[in-house]
Every structure is written in structure tokens, then in C-alpha cells.
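Biologist: Could you show me how to read a model like this one, feature by feature? I would like the general idea each time, and then the case at hand.

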Amino acid sequence: MLNPPRRPQSPRELFTAFTRMALMGFGGVLPVAQRELVDRLGWLQPQEFAEVLSVGQVLPGPNIINVSLMVGDRFFGLRGALAALAGLLCAPLALVLLLAALYKNLADVPQVAGALRGMGAVAAGLVVAMALKLLPSLARNPLGRVTCGVATLATAAAIGGLRWPLAAVLLGLGGSCCLLAWWRLGVKR
Amino acid sequence: VSLHELWLLFTHCLMLSLLAIGGAIGTLPEMQRFVVVERGWLGAADFTASVALAQAAPGPNLLVMPVVGYVAGGLPGALAALAGMLLPSSTLTLVATRWGSQRRETRGVRAFIAGMAPVTLGLLLSTGWLLSVPVVRTPVAVLLFAGTIALMWGTRVSPMWAIAVGAVAGAAGWV
């Protein structure tokens, strides 16, 4: 390797690096995190980042939170994990709660209420777009396209339409899909 | 809000933390079901507004939860929601990282990722649907909703711009 791998010098450096990422991340921090950790800071090789991300996806909890914990832990153990997590959360939390406080006090002003309705329509669109961006990855899913489509619609109907509890749907539908995938992965070999 | 209600919010978020397979956004329908439908701490429109606020600010999507907590129950509500969302999954991550990195190519882990993928997609679609119901009621709102999907799907424009356009159109009284 031409360049020796770089690493953060202290948990404090982790904290500031994650604060920076969090404040640059509009609509999700994960894409920014890859750019910063791999390209700019060079703390992780691309395949190391992919590895951390794939483990973060299996574990419950938001992916970027898991990634920050694992990256911090890698360099400074528990102290590093907490420093990275705190960096990711502190500044954006203060900012967003300030906005929420303003909203609570100004919700009666028609312009503010209107702006929030407009932003709400956009926020709903952003989430649908987030869903659509996952579609290409389903093409390679061992469950097959038809099963994936049925499972997607069944989940949407159960959660969005029938308002079933999430735990039941994840366990029942998600569990069945995992078992089916397990079986299909075995047949292929 | 009473201590009892804060406790309910906290314990509900403890559970959501473990169910957040497709990220924090995927658990929003369950959060909405609990705080809006079951508890009535805030209205459906307030819920969508809280999510919009969180989307408008930078930072992890998880911050949606403390904002909902704040609108429902002030600063204690925000902290209860955040602590609940963080504790179980973070503990598990720190304990299970090494376990997971050794097994990520095994059949079990691959089956889990593949099996959960369509469910995650379904969760995101229901989230989008539930958020849109209280606000997408006028022609301009429909345009904003559909336009955002098209913009995010077809271009690499920052979502900030879409949110700014939504805010301006709304403040002007068109939505």
C-alpha cells in the first residue's frame, strides 16, 4: 500500500469529525459518512466501510448510529464509540429541538402552519423516493421479484392500511421471508 | 405530561429501537400508531410537521423521534424518546459487532438481509403514505409530493432544495 492507513489521534478528533458529518447530512448522514471517512479522512478503506455498513444493516437500530459506534469502537474502544455517537447527535439535536420549540410557539401563525404543511408534503415525498431507490437492489434478491413484490405490498397494507403492530408484522411477514430466503439460498447451492 | 406518560414513551421507543431494521424512518408508522392513534398526544398533522422539521434540519434521521417526543411532551419527551431509541440497539451493536463481522457471509445472515429487504421497502412506503394523508389535500400539495418523488428519483439534487420550495409555497398560502 502506498499510503499508510490514517487514524484519528484522539476521541476528541472522532467527536469533531462526526459532528461535521452530521451537520453536512441533509436527508441522511450515511452518504456523507462514506465520503468523509473513506475519501477525505482515510480512516477506513472502501471495503472496510462496506464491511462496517453490512454489519450495521443486520443489527437493529439506525444504520448511521451503528456505523458511528463501530468506527469509534475500532479506534478507541468504548470511549471512542461514545465520542463518535455524541458527535453525531449533539449539535443536530440542539438545532432540531430549537426548530421544534419555534414551531410549538409559532404554530398559530398562518404562514408558519402553511410552511410546515408544504414541508410535510415534501417530507412524505422524500420517504417514498427513499423507498423507490431500494427497488433495484430487490432485483438480485434470492426471494425472486414476485415474492418481493407480494411481501412489499403485504407489509405496506398491514402497517399503513390495517395499522397492525410493527413487531407482529416483522416477526410474521419478515420471519417468513427470512425462512423462505434461507431455503432458496440452500437450493441454489 | 405525567411521569407515567414519559415512561410509556420511553418503553415504546425501547421496543422501536430493536425493531428499526430499515432505519428510524421505517418505524415511524408504529410511532404514529402509538402517539397519534392510541395515545392521542398529538394530531396526525402535527406528527407530519414534526417529521418535516426533522427532515429540514441536518443530522441522522433518528432525530425524528426526539422531535416527535418534544412536540408531544416538551424537553422530557424529547429525551425519553432519544434515550429509548438509542439504548437497546447501541448496546447490542457494541456487543455483537465482532460476532456479526465473522458471520456476515453465512447463509443465516444473508437470508436475514434478503428476507427483510422487501419488508423494509413496504415500511418506507407506508411511512410515506401516513405522512402524506394529513397534508396532501390540495393540488399544490399533490404537486409538491409527486414533484419531490420525481426529483429525488431522477436527479442528485439535495433534498434541502425540495424542502425549501415546500416551505415557501406553504408560507405563501398555496398548500
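This is a predicted model: local features need pLDDT of at least 70, side-chain atom pairs count only at pLDDT 80 or more; totals for chains, interfaces and linings use all residues.

Biologist: Which residues of α1(A) are buried?

Modeller: The general idea comes from the helix repeat. An α-helix has 3.6 residues a turn, so residues three or four places apart point the same way. Here the buried set is A:P11, A:L14, A:A17, A:F18, A:T19, A:M21 and A:A22. Those residues pack against α2 (30-40) and α4 of chain A.

Biologist: How should I read phi in a residue that is not glycine?

Modeller: Most residues other than glycine have a negative phi. A:R163 has a positive value, near 55 degrees, and is not a glycine. Its place is the loop between α7 and α8 of chain A.

Biologist: Now the two chains together. How much area is buried between chain A and chain B?

Modeller: The size of an interface is often given as the accessible area lost when the parts come together. Between chain A and chain B that comes to about 8100 Å², with carbon and sulfur atoms giving 78% of it. A:R163 returns here: along with A:F26 and A:L166, A:R163 is among the residues of chain A that lose the most area to chain B, and the three together account for 8% of what that side buries. Counting residues instead, the contact takes 86 from chain A and 94 from chain B.

Biologist: How many salt bridges and polar contacts link them?

Modeller: The salt-bridge count between the chains is zero. Polar contacts, on the other hand, join 15 residue pairs across the interface, with both partners at pLDDT 80 or more. The helices of chain A that each supply at least two residues to the side touching chain B include α1 (11-24), α4 (63-106) and α8 (166-188). α4(A) gives the most, with 21 residues. By class, that side of chain A has 61 nonpolar, 18 polar and seven charged residues.

Biologist: Can we look at a single residue? Is B:G59 buried or exposed?

Modeller: The cut-off for buried is under 20% relative accessibility. B:G59 counts as buried because its relative accessibility is 4%. This glycine sits in the loop between α3 (44-56) and α4 (64-103) of chain B. Beyond its neighbours within four places in sequence, B:G59 is in contact with A:A22, A:G25, A:G28, A:V29 and A:P92.

Biologist: What is the overall make-up of chain B?

Modeller: Chain B has seven helices and zero strands. Its C-alpha atoms fill a box of roughly 55 × 45 × 25 Å along the principal axes. Of its 175 residues, 59% are buried. Among contacts in chain B with a separation of 6 or more, 58% come from residues 24 or more positions apart.

Technical notes. Residues are numbered from 1 along each chain as its sequence is written. Chains are lettered from A and ligands numbered from 1 in the order in which they are written. Side-chain values use heavy atoms; hydrogens and water are left out. Helices (H or I, at least four residues) and strands (E, at least two) are DSSP runs, numbered from the N terminus. Buried means under 20% relative accessible area, exposed over 50%, partly exposed in between (1.4 Å probe, protein chains only). Contact means heavy atoms within 4.5 Å. Buried area is the accessible area (1.4 Å probe) that two parts lose on being put together, summed over both. A salt bridge is a side-chain nitrogen of Lys or Arg within 4 Å of a carboxyl oxygen of Asp or Glu. A polar contact is a pair of N or O atoms within 3.5 Å; within protein, one must be able to donate a hydrogen and the other to accept it, and residues adjacent in sequence count only if both atoms are side-chain atoms. Ala, Val, Leu, Ile, Met, Phe, Trp, Tyr, Cys and Pro count as nonpolar, Asp, Glu, Lys and Arg as charged, and the others, Gly among them, as polar.
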